[in-house]
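I am opening a notebook page on this structure, and I will write down what I look up as I go. My plan is to begin with the whole chain and then turn to single elements and residues.

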Amino acid sequence: TLVMEYAAFVKLRMCRPHLVRPYKVPLGTFGCVLMVLPPVAMTLLVMSMASPLTYLYAVVGCALGAMLFACQTLSSGSSFSPCATPPLPVLLPNDDGGDDESTQLTLMLPQTIVP
């Protein structure tokens with residue numbers, strides 16, 4: 001999963017560079033790729049040295065996670081869903097043509113759908 005997180009990090013930097021984030025890594029795309037290469041290489045090295053029992057635990061853990069996700073998805077339509085959370089509000093930048101210093105954010109609250 002660590003390799004997938006780094007891949008998602010680099011992909012978002014390339015596909016959506018102007019996406020509003022709570023923080024931003026002050027490097028360009030090439031710098032971010034260079035930053036994640038050592039941890040990815042070490043992760044792949046550790047994975048290559050793992051025993052077959054480790055692979056078995058990983059496969060069982062992934063299968064269990066997929067089953068729990070499916071159960072939670074199926075139960076989200078019912079009245080009982082302990083993991084259900086309301087959608088988070090989204091901050092969108094106002095594009096008023098001003099300079100970057102005066103850019104304000106608009107809070108977009110999700111609409112509640114009542115059955």
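I began with contacts (heavy atoms within 4.5 Å), and I noted that, of those in the protein chain with a separation of 6 or more, 21% are between residues 24 or more positions apart. I am working with a predicted model, in which local features need pLDDT of at least 70, side-chain atom pairs count only at pLDDT 80 or more, and totals for chains, interfaces and linings use all residues. Residues are numbered from 1 along each chain as its sequence is written, and side-chain values use heavy atoms, with hydrogens and water left out.

Next I looked up the elements, taken as DSSP runs numbered from the N terminus (helices H or I, at least four residues; strands E, at least two). I found three helices and two strands in the protein chain, in the order α-α-α-β-β from the N terminus on.

I then checked burial, where buried means under 20% relative accessible area, exposed over 50%, and partly exposed in between (1.4 Å probe, protein chains only). Of the 115 residues in the protein chain, 6% are buried.

For the helix pair, I saw that the axes of α1 (residues 2–15) and α2 (residues 29–48) come within 10 Å and cross at roughly 170 degrees. These axes are lines fitted to C-alpha atoms over the stretch in contact, with angles from 0 to 180 degrees between N-to-C directions. That angle makes α1 roughly antiparallel to α2, a label for angles over 145 degrees. On the α1 side the contact includes Y6, F9 and R13, and on the α2 side it includes C32, V33 and V36.

Leaving out residues up to four places away in sequence, R13 touches R21, K24, V25, L27, G28, T29 and C32. The C-alpha atoms of R13 and V33 are separated by 9.7 Å, although the two are 20 residues apart along the chain.

Last, I looked at L56 in helix α3 (residues 52–75), which is partly exposed at a relative accessible area of 47%.

Methods:
Parallel < 35°, antiparallel > 145°, perpendicular 65-115°, else oblique.
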